[in-house]
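Thank you for making time this afternoon.

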Amino acid sequence: MNFIISSATLLKKLQSISGVPTTSNVVPILDNFLFEIQNNKLKITASDIETSMSVTVEPEKIDVDGSITIPARMLLETLKTFPDIPLHFSINEENQTIEINTGEGNFKLSGHKGEEFPKLPLLENTSSIEIPSKILATAISKTLFATGVDELRPVMSGVFCQLTDENITFVATDAHKLVRYRCTDVKSKGETQSMIIPKKPLVQLKNILPQNDTTVKIDFNQKNASFSFDNVNVVCRVIEGKYPNFDAVIPLQNNKNLIIDRLQLLNSLERVSIFANQSTHQVRFKISGRELILSAEDLDLSNEAKERLICNFEGEDIEIGFNSKFIIEMLSNLETEQIKIEMSAPNRAGIILPVPTEPSNEDILMLVMPIMLNA
């Protein structure tokens, strides 16, 4: 089993899947990449059992099909030291040795039999979605930060995806904040379908999805999901369980509406929050007429800050407290020049919405729970 490949090409492919193996793999062979040569193509796979990711590349020269696993960390560190040069891989499948020849240098390392690497799950009785990669990348980036980490509620550690005959919806929540992203460009041709996708494969996809109209094919059943595009395939276990009824927690009767410049509010929050209590990150919003006053204090350290902003506000005056970290994350994941914050009472959730300049096929809603203010 021999092949010749550009060091830069191979390094780029390996880096795209290098986030899959963990530092504490229970199965030692998962510290390796699986190299498989078949039909004049090289397929490279990384796995941690729960998530598997493979990329396919066509080397400059190939002879003899076969498979072997190669230590991931050692191979990556070696490739990073090379300029863009052709590498000649000579693999002995009998004793699992790998020789890498650069012309001027020769490197030898030991691998394992390719058959010992865990097999990817075969997906049967699947449902399918086709979605432009740009929409999927946007949906992931808008929702991923809002996922939870509570081991007692595993369904909230992933992103809920639902396809209906009207739109596709992605939702993430940790019970303190919630993000819902909808797009009407992707619709179901049949019945409503849904799944909960774990965070890790979404992080991997976010890093490699092209920002164009490349079609991503998603196949899924009750246990697994597969994402395929170009020469990439990601397979993961879906999270089993019932996702919370997110529509039920979104308040509809909000009679206090604030419209303000997004970047102005974001910059002000970043300054004021430095002076907030570092366990609650509480910032007080005092809104009256066309004036928003942001204030924060840390009584233990005698720190406090206050800043005044001009805004458009409809409704009765209100004072409400929010976790500044959550608001900053949300504002950072929006692009519009202005945003709208809908509120009803100091103990009810606030809704953050982008203020679009024209009709859009996208709908983004962000919800944040308040923090009770001290008198």
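This is a predicted model: local features need pLDDT of at least 70, side-chain atom pairs count only at pLDDT 80 or more; totals for chains, interfaces and linings use all residues.

What share of the contacts in the protein with a separation of 6 or more comes from residues 24 or more positions apart? Such residues account for 67% of those contacts, a contact being heavy atoms within 4.5 Å.

Residues are numbered from 1 along each chain as its sequence is written, and side-chain values use heavy atoms, with hydrogens and water left out.

Turning to the whole protein, its C-alpha trace spans about 80 × 55 × 40 Å along the principal axes, and its secondary structure comes to seven helices and 28 strands, taken as DSSP runs numbered from the N terminus (H or I, at least four residues, for helices; E, at least two, for strands). Of the 375 residues, 50% count as buried, which means under 20% relative accessible area, with exposed being over 50% and partly exposed in between (1.4 Å probe, protein chains only).

Now to one residue in a loop: Val-27 lies between helix 1 (7-17) and strand 2 (32-38), and with a relative accessible area of 35% Val-27 is partly exposed. Glu-115 also has its place in a loop, between strand 10 (112-113) and strand 11 (127-132), and Glu-115 counts as exposed because its relative accessibility is 52%.
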